[in-house]
Amino acid sequence: MLLLGMLACLLCPRVVQLEECSEVYRRYEGLEGIDAAYIKNYRVNDTLTLPVTLLEATTDSGWARLVSKFNVPMEMVELAKSNPDIDIWVGQALKDRPEVLCDVSELNEEEAQELEIMTISMQMHTICIFHTCNKQEMDAIFYEKIPANI
């Protein structure tokens, strides 16, 4: 039995410890109406993996909570309801505080390094936060991942 238990532990997928997860994941994990997931090494391209937090509303009230917390413009939500072709909204937010969107034009280069990329799917009711550390990672997300999902 012990040998089978050890073998199962070795072959089972690894679970990221809570203290290794993003601050955003910890805030939304366990909230009713929202499924939170943290991916430690999300593959962006052949040479780059990044941590990503994914929040998915499972109820209408969960989606309303995410829209409110992340300051999604209601015009975008309404437009997406009437036009299914309009789906992905992309923004840049403060590290570990994606609820605070930033105007990149108002930041200096050092401050801009402290941003993360956030995408919101109006149709799927999901928010994806790419935890980037530098401009090269941000560019990889903007030019490789976002166009592939639109």
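Pro98 counts as buried, at 1% relative accessibility. That is a handy place to start in this predicted model, because strand β4 is where Pro98 sits and the 20% cut-off for buried leaves Pro98 well inside that class. Leaving out neighbours within four places in sequence, Pro98 touches Val24, Arg27, Phe70, Ala93, Met118 and Ile129. Pro98 and Ile127 are 29 residues apart along the chain, and their C-alpha atoms are 9.9 Å apart in space.

**Phe70 and its partner**

Follow one of those contacts, Phe70, and you meet another buried residue, this one at 0% relative accessibility. What does Phe70 touch, leaving aside its neighbours within four places in sequence? The list runs Tyr28, Leu55, Pro98, Glu99, Leu101, Met118, Ile127 and Ile129.

A search of the whole structure turns up two aromatic pairs. Tyr28 and Phe70 form a tilted one, with 5.7 Å from centre to centre and 35° between the planes. The pair ties together distant parts of the chain: Tyr28 belongs to helix α2, Phe70 to the loop between α3 and α4, and 42 residues separate them. Tyr28 is buried too, with a relative accessible area of 3%.

Here are the relative accessibilities for a handful of residues, cysteines included.

| Residue | Relative accessibility | Class |
|---|---|---|
| Phe70 | 0% | buried |
| Pro98 | 1% | buried |
| Tyr28 | 3% | buried |
| Cys128 | 15% | buried |
| Cys133 | 54% | exposed |

In soluble globular proteins, nonpolar side chains tend to be buried together. In this model, the largest nonpolar core has 19 residues, and Leu55, Leu66, Phe70 and Met122 have the most contacts inside it. Which elements give two or more residues to this core? They are the helices α2 (23-28), α3 (60-69) and α4 (74-82), along with the strands β2 (49-57), β5 (115-121) and β6 (126-130). Another core, of eleven residues, lies apart from it and includes Val44, Val52, Leu115 and Cys128. Across the protein, buried residues make up 36% of the 150 residues.

**The sheet**

The protein has six helices and six strands, and along the sequence they follow the pattern α-α-β-β-α-α-β-β-α-β-β-α. The six strands form an open sheet in the order β1-β2-β6-β5-β3-β4, with antiparallel pairing. At the edges are β1 (34-43) and β4 (97-101), each pairing on one side only. From one strand to the next, the twist averages 30°. Helix α3 packs on the sheet and touches β1, β2, β4, β5 and β6, and its direction makes about 125° with that of β2.

Now for the individual pairings. β1 and β2 run antiparallel and are joined by eight bridges; Ile34 has Ala57 as its bridge partner in β2. These two strands make a hairpin with five residues between them. Five bridges join β2 to β6, also antiparallel. On the other pairing, β5 and β6 run antiparallel with five bridges between them, and Ile120 has Ile127 as its bridge partner in β6. The β5 and β6 hairpin has four residues between the strands, and His125 takes a positive phi near 60° there.

**A closer look at β6**

How much of β6 is buried? Five of its five residues are. Both faces are covered, with Thr126, Cys128 and Phe130 buried on one side and Ile127 and Ile129 buried on the other. Cys128 in β6 has Leu54 standing opposite, and Thr119 stands opposite Cys128 as well.

How many disulfides does the count come to? The count is zero. Cys128 is classed as buried because its 15% relative accessible area falls under the 20% cut-off. Cys133 is classed as exposed because its 54% is over the 50% cut-off.

**Contacts along the chain**

To finish, a view of the whole chain. Among contacts between residues at least 6 apart in sequence, 52% join residues at least 24 apart. The Tyr28 and Phe70 pair, 42 residues apart, links distant parts of the chain, and Pro98 and Ile127 are 29 residues apart in sequence.

How values were computed. Residues are numbered from 1 along each chain as its sequence is written. This is a predicted model: local features need pLDDT of at least 70, side-chain atom pairs count only at pLDDT 80 or more; totals for chains, interfaces and linings use all residues. Side-chain values use heavy atoms; hydrogens and water are left out. A nonpolar core is a set of buried Ala, Val, Leu, Ile, Met, Phe, Trp, Tyr and Cys residues joined through side-chain atoms within 4.5 Å. Buried means under 20% relative accessible area, exposed over 50%, partly exposed in between (1.4 Å probe, protein chains only). Contact means heavy atoms within 4.5 Å. Two strands pair if DSSP finds at least two bridges between them. Axes are lines fitted to C-alpha atoms, for helices over the stretch in contact, and angles run from 0 to 180 degrees between N-to-C directions. A disulfide is a pair of cysteine sulfur atoms within 2.5 Å. Rings of Phe, Tyr and Trp (its six-membered ring) pair if their centres lie within 6.5 Å; planes under 30 degrees apart count as stacked, over 60 as edge-to-face and the rest as tilted.
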